[in-house]
Amino acid sequence: LGKILSINLNEILKNKDEEEKIALKTFHPKWFVKYCIKLMGKSQALKFFKTNLKFKKVYLRLNTLKGKEEELKKKIESEGVKLEKVTNFPYVYFLKKAEKPLVKLEAYADGLFYIQDKSSCLAVLAANPKPGDVVIDACAAPGGKTSFLAQLMSNEGKIYSLDYSKERVKLWIKEMNRMNVKNSMMILCDLTKHIPLKIEADIVLLDPPCTGTGTLMKNPSMKWKITFPLIKKFQNIQFKMLENCSRLVKANGTLIYSTCSITLEENELLIERFLKLNPNFKLISINSFIGFPGFRSKNLCKRLYPHTNESEGFFIAKMKKEF
Ligand SMILES: C[S@@+](CC[C@H](N)C(=O)[O-])C[C@H]1O[C@@H](n2cnc3c(N)ncnc32)[C@H](O)[C@@H]1O
């Protein structure tokens with residue numbers, strides 16, 4: 001330990017190039033520093049790296065399947081919690097103060113809220129489901145999006161939730177019971193293969209597994225596990241899932257694709273390839289006050305970043321099936 005304490009950081013950094021200096025100072029892998037600088041420019045990338053070292057803001061979505069919004073807020077706050085409404089995000093509140101862990105609250109056990117980042121809520125708001133719709137929630141566990149879809153649909157219509165992980169599906173079932181979701185059923189299946197459903201949905205929301213480069217505040221160790229080959233591996237899986245899911249959208253229906261990653265490969269490049277192969281799908285705009293337009297002229301897509309939106313890094317594409 002004595003040796004570590006006597007190391008002079010400036011001495012170490014002296015002969016390093018700029019990217020390596022940023023990498024060492026902000027605790028990110030050098031390849032990722034290069035990647036982000038190329039993606040968003042040096043000044044934004046620096047802000048992104050610095051924000052990744054901070055604590056993540058916590059958001060709660062109040063569950064109106066369990067009562068009126070004002071009453072839910074009152075009950076939650078009666079347990080020593082202070083909430084602040086997030087403008088333009090229906091039902092979403094920023095956690096200002098809590099006297100004990102949220103999961104220990106009675107209000108949590110009673111399903112009065114779901115701990116959910118506003119970026120994840122935005123994907124569901126972008127889908128804009130209506131009571132009576134037929135919705136497919138692809139890659140659904142543990143159920144943050146299913147339960148918000150059900151809330152916006154007032155438990156009317158049908159949600160087919162798909163996932164392949166038995167463990168995570170157990171959690172999904174528990175969460176649907178806690179949140180009073182009545183209009184959803186789970187189908188265990190591998191979305192990279194045949195999807196055992198013969199329906200056409202008004203909305204298909206795909207939230208596939210990803211590298212999670214937008215969630216480094218929450219999972220700091222993840223950045224040392226992500227490699228470029230891993231990004232490509234996820235891209236392949238995501239593409240197969242998007243192709244399979246697109247077949248379940250009815251004509252004039254909506255396909256939403258979201259990830260908590262900020263890479264081009266998992267987002268714009270994948271959407272670009274999909275649209276080239278499927279000219280019957282068109283990008284449409286997302287009704288939101290926050291987020292940046294997507295890159296590569298995919299400006300109807302939304303990009304969110306921790307340093308600009310106080311959320312996880314996130315990507316959303318909304319597409320319409322024209323025929
Ligand atoms: C990003 S998480 C979904 C989070 C969820 N949408 C929510 O809001 O709570 C990705 C999910 O994809 C599932 N998954 C991964 N590979 C899959 C596959 N080949 N087929 C089906 N589901 C898969 C995982 O089990 C995981 O639950």
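Biologist: Is aspartate 207 buried or exposed?
Modeller: Aspartate 207 counts as buried, because its relative accessibility is 19% and buried means under 20% relative accessible area, exposed over 50%, and partly exposed in between (1.4 Å probe, protein chains only). This is a predicted model, in which local features need pLDDT of at least 70 and side-chain atom pairs count only at pLDDT 80 or more, while totals for chains, interfaces and linings use all residues. Residues are numbered from 1 along each chain as its sequence is written, and side-chain values use heavy atoms, with hydrogens and water left out.

Biologist: Where is aspartate 207 in the chain?
Modeller: Aspartate 207 sits in the loop between β8 (201-206) and α11. Helices (H or I, at least four residues) and strands (E, at least two) are DSSP runs, numbered from the N terminus.

Biologist: Which side chain does aspartate 207 contact?
Modeller: The side chain of aspartate 207 makes a polar contact of 2.7 Å with that of lysine 145. A polar contact is a pair of N or O atoms within 3.5 Å; within protein, one must be able to donate a hydrogen and the other to accept it, and residues adjacent in sequence count only if both atoms are side-chain atoms.

Biologist: Which residues are closest to the ligand?
Modeller: The closest are Cys139, Asp163, Arg168, Asp190 and Asp207, out of 19 residues that surround the ligand. Here a residue is near a molecule or strand if one of its heavy atoms lies within 4 Å of it.

Biologist: What are the distances from the ligand to aspartate 190, tyrosine 164 and alanine 141?
Modeller: An N or O atom in the side chain of aspartate 190 is 2.8 Å from a nitrogen atom of the ligand. A polar backbone atom of tyrosine 164 is 3.3 Å from a ligand nitrogen, and a backbone N or O atom of alanine 141 lies 3.0 Å from a ligand oxygen.

Biologist: And how much of the ligand does the protein bury?
Modeller: The protein buries 87% of the 610 Å² that the ligand exposes when taken alone. Accessible areas come from the Shrake-Rupley method with a 1.4 Å probe; for residues, only the protein chains shown count as cover.

Biologist: Back to alanine 141: what is the peptide bond from there to proline 142?
Modeller: That bond, from alanine 141 to proline 142, is cis, with omega near 10°. Proline 142 lies in the loop between β5 (134-138) and α9 (144-152).

Biologist: Which residues have a positive phi without being glycine?
Modeller: Asparagine 128 is one of them, with a phi of about 50°, and serine 154 is another, with phi near 50°. Most residues other than glycine have a negative phi, and most peptide bonds are trans. Asparagine 128 is in the loop between α8 (118-127) and β5, and serine 154 is in the loop between α9 and β6 (158-163).

Biologist: What does asparagine 244 reach with its side chain?
Modeller: Asparagine 244, in helix α11, has a side chain that reaches the backbone oxygen of leucine 191 at 2.8 Å. A polar atom of that side chain also lies 2.8 Å from the backbone oxygen of lysine 193. Asparagine 244 counts as buried because its relative accessibility is 15%.

Biologist: How many salt bridges does the structure hold?
Modeller: The structure holds 20 salt bridges, a salt bridge being a side-chain nitrogen of Lys or Arg within 4 Å of a carboxyl oxygen of Asp or Glu. One of them joins glutamate 310 and lysine 57 (3.0 Å, N to O). Glutamate 310 is in the loop between α13 (306-309) and β13 (314-321) and lysine 57 in the loop between α5 (42-52) and β1 (59-62), so the pair ties together parts that are 253 residues apart in sequence.

Biologist: Where do glutamate 167 and lysine 170 lie?
Modeller: Both lie in helix α10 (residues 166-178), three residues apart, about one turn of the helix.
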